[in-house]
Amino acid sequence: MNNKLKSFSSPTFLAYVLIAPAAIYILAIVAWPLAETIRLSFTNSGLAGEEYIGLENYEKMMGSKKFNQTVIRTFVWMFFSVTLKLVIGLIGAVLLNAKLPGRGMFRVLIMPPWVVPIAIGMLGWLWLYNGYFGIIAGVGMKTGILDGPFGFLAYKQSAFISTIVADVWVGTPMVTIFFLAAMQGVPRDLYEAAYCDGASRWHRFFKITLPQITPVIITMALLSAIWTFNSFEIIWILTEGGPRGATTTLIIDTYKMALGNYKFGKGAARAVVVMILLTIFAAFYMAILLRINKKVSNG
Amino acid sequence: MDKYNLFEKILLYLGILIFMTFILLPFVEMFYASLRPLDHLFRSPYQFFSDDLSFWAYGEMWNTVPMLGRYIFNSFFLATSVTVITILFVIPAAYSYARFNFTGKNSSLYLLLAINMFSGAVLLIPLYKLLRTLGLLNSYQAMIVPGVAFLIPTSIWLLKSYFEKIPIDLEEAAFVDGASRIQILRHIITPLSTPGLVVVSLYIFIGAYAQQFLFAITFNSKKEYMPIPAGLYEFIGYQTIKWNEMMAASLVGIAPVLIIFIFLQKYLVEGLTAGAVKN
Amino acid sequence: MILKHFIRVISVLFISLFSANAFAATDVHGVMCGGEIREADMTVINKYMADNPDVNITMEAVPWGTCQDKVINLAIAGDPVSFSYIGSRTLKGLAENGHIVPVNIPESMTSMYQPGILDTVTHLGQQWGFPHAFSTKALFMNCDILDEAGLACEGPQSWDELYSMAETIKNKTGIAGIGLAGKDFDNTMHQFLNYLYSNGGQVIDPNTNEITLNSPNTVETLEFYAKLANVSQEGPLAWERSQLTELFNDKKIAMYINGPWGAGQHGDINQKTVRIPAGPNGSQGTLLITDSVAVFNGTGHEDIAMDIVANLTSGDAQYDLDTSWGLTPIMQYPQIGKVAPYNTDYWMMFIDAIADGGPEPLLVDYKAFQTVMNSMIQGAILGEGDAADLVAEAAEELEEYK
């Protein structure tokens, strides 16, 4: 009996076999383009064809002061957006988990931002933010909060915040639904036992729900950070990186300076730098998250 | 335990109202834009009612873009194909990562993530060359094959976290009783992780829906195969954009997906069967 | 087990879907931008195929917004189309990198073009595309608003007059006097260039390839453009020209600069169109923008493609495009006996301006050029620097992109 149990969780040939199909598929389709991109980063590939220029792309990038500012700006933007997504997502999941009449309908109603093509959703926000025509400015003027039209995207700080809000809007439904599914998977007897012991709702939430869904929170935190880092269309449609670079994150900069003008060498170098930065960041991030995970499952 | 007092109920509904307003506000703008005539789309300050509102755009859009119905079908077909294929690759892999330890486990997991750290736009030209070599251009495959490849990595991560939540005792019990691991995967894990499965399938579906545009534009030239986002571009003229019709088309385009989710959301069932863990 | 089966089946399916190629004598692949190929174009294509039975032409319509990028990507990937509609601003970059071939425009066509048209497609003394669509700009005014402010509905004759009119409108009616574009978008730079060319300024000298942006004319223009923010709609940096049309339609701005398609977009506004006013150091100018049809390099049948394109961009086919799209006529149509519909006062505003207008500047890296110019303009409107400094900085950055 014991032998069988032991062999259940020991590494087996089976583990590799189960992963093989996915791994082979990815290698077949993605491996070559990825390798090609890394190779391109050492060239000046563009409209003119290409020749190898070694680390020149990287040197030019790292040396520019603007680039360093862009990196910092990207991390700040990302930090606020991801935090808001996780927090609002968690609150939303709690709200939708509650046994209230109409919750089926609410769960469907939060889907649209996730389902609609991002470009279209951003058109909606573009109009919302419009100083003359948008609902926000309209309501602001009617209630007297605003003296007159106010273009949310016309000024540096307000544009920065506005793009974050739009990005949170896009990302929150997915986070909410994933958290909701996780909450649905928590065994009911755990709650019943605590209820019988007289635990309050807050107590049940913090001591049972949160620890139980922690693996999902960790995964969403990591993935959300990576997606937000590469969040392109949202900023592009709202401001194209303006005004005067106030909302230019790394991915916007990559597109403007490189991909938009067909400078593939430069674009590839930037993509590689983004990947390296993200990897370093993800490593730190995961270390912190795993430490929290340990605390939660022990505490 | 499930009864809320009045105060709690009010608080909850208020929270939901605020949340819903945030989520649906841009759609209000989009909906109104679809109801107004093209030469007076916008008003300042904002007006909720005006006398020239009509559903004209919803009819006209089928004339402006005659293949719109086909595009909606294509989007649906492509996303479904990608979802089915991806899920088949992902379930075994996610299970393996969730349950087993083996050399290369962690590094391969992060390698998967690394793939997502490259945004699609950078890889476009090399991908084009690859697909051309494989002879897959200008077909449904042109959009399905890369779509699956880019959705597998994150789907593995997501599904893995749901598999990790299932107590291992259940599987061990079955294993001791003589079930093979594949049987365990099919008969125990899959049903118990239904909420997770549903949600990851939905994620893949929507992800496929979203990334269609880039692949469709670059790898496909045949109008018959184009999905909705490419079709929406046809509302953009040389100097005018038919915003009202475009918004109408977008709203109509996402309806099928929402309908699917209405059916799916009852599969977000609650909890594991009570008492299943008693040995 | 099942999985292995599945993989096998899928790979067989993939392999069996390799398409077989049927070879014709010459396969020409042409791209036009838009939802579908226009009838006038198909007439030309069909006639050509009837006259030349060993040439097989496939036309593809690619939607606006993705059209240009797609054909350029194809050229870079080594799969160029035979010819394509493309913005003239891309010609220099494509030419310098060998993706397109210089075109031989027959004398019968060159003699018919409006003055200055060929400048928009000329680089190093050669033409690189057949001009196909053309626009100039003029100033649109809402006479009702001007009336309300006690002003006569007449075009301003100088920049000072333009400013004082806008100011009066703002003070007397509360409505913004003029629409100002400041968003980081291509037409912001275009709006600015209208003023620059009305003030004797220039960005780049086409003959010497020198950047001539840094001049007192430019500084003066930039200062004026930024000054207009005082009498324009709020937050110019969030607005580009097509959004200004919405404002104009909602009667929230009294004037703005737009192209000839504007009249059709304005619904029932009591509008009047006048020339763009002259600056202190120039005459009433305008911006000449063209799109052309370029012939790509490496297809093996460049000369056939050129022949086809010449037919598509001249005579009746060209006239049909100009009239159906509501564009400034690219050719002097009276020469072939077509006078209407361009003999109205409205059209005169756009046609008379041609002779005083300047071409859209041709730089190799036109997107970076746009970013630099818009950054300069935004800096002036935000007040983040002295106009002279901003212009000097921009001129220096442009050196890298010319």
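Colleague: What makes Ser64(A) count as exposed or buried?

Modeller: The rule first: a residue is buried if 20 or more other C-beta atoms lie within 10 Å of its own, exposed if 12 or fewer, and partly exposed in between, with C-beta atoms placed from the backbone. Ser64(A) has 11 C-beta neighbours inside 10 Å, so Ser64(A) counts as exposed. This is a predicted model, where local features need pLDDT of at least 70, side-chain atom pairs count only at pLDDT 80 or more, and totals for chains, interfaces and linings use all residues. Residues are numbered from 1 along each chain as its sequence is written, while chains are lettered from A and ligands numbered from 1 in the order in which they are written.

Colleague: Where does Ser64(A) lie?

Modeller: In the loop between α3 (56-63) and α4 (65-97) of chain A.

Colleague: Why is α9(A) called largely enclosed?

Modeller: Because 23 of its 29 residues are buried, the rest of the structure largely encloses α9(A).

Colleague: What span is expected of helix α9 of chain A, and what does it reach?

Modeller: The expected span is 1.5 Å times one less than the number of residues. Helix α9 (residues 156-184) of chain A reaches 42 Å from first C-alpha to last, close to the 42 Å expected.

Colleague: Where is the kink in α9(A)?

Modeller: At Gly171(A), shortly before the proline Pro173(A), and the kink is about 35°. The bend is the angle between axes fitted to the seven residues ending at a residue and the seven starting there.

Colleague: How many residues does each chain bring to the contact between chain A and chain B?

Modeller: Chain A brings 90 and chain B brings 85. Two residues are in contact if their C-beta atoms, placed from the backbone, lie within 7 Å. Helix α2 (residues 13-40) of chain A gives the most to chain A's side, with 16 residues. By class, that side has 68 nonpolar, 14 polar and 8 charged residues. Here Ala, Val, Leu, Ile, Met, Phe, Trp, Tyr, Cys and Pro count as nonpolar, Asp, Glu, Lys and Arg as charged, and the others, Gly among them, as polar.

Colleague: What does the side of chain B that touches chain C have by class?

Modeller: That contact takes 22 residues from chain B and 24 residues from chain C. α5(B) gives the most to chain B's side, with 3 residues. By class, chain B's side has 8 nonpolar, 10 polar and 4 charged residues.

Colleague: Which domains does chain B have?

Modeller: Domain 1 (1-54) and domain 2 (65-267), with bounds from an automatic or database domain assignment. Their C-alpha centres lie 30 Å apart, and the contact takes 7 residues from each of the two domains.

Colleague: Where in chain B is the pLDDT below 50?

Modeller: Over residues 271-279 of chain B, a stretch with 16 contacts beyond near neighbours in sequence. pLDDT is the predictor's confidence in each residue, from 0 to 100. Where pLDDT is low, the predicted coordinates should not be read in detail. Chain B averages 83, and 94% of its residues score at least 70.

Definitions and conventions. Helices (H or I, at least four residues) and strands (E, at least two) are DSSP runs, numbered from the N terminus.
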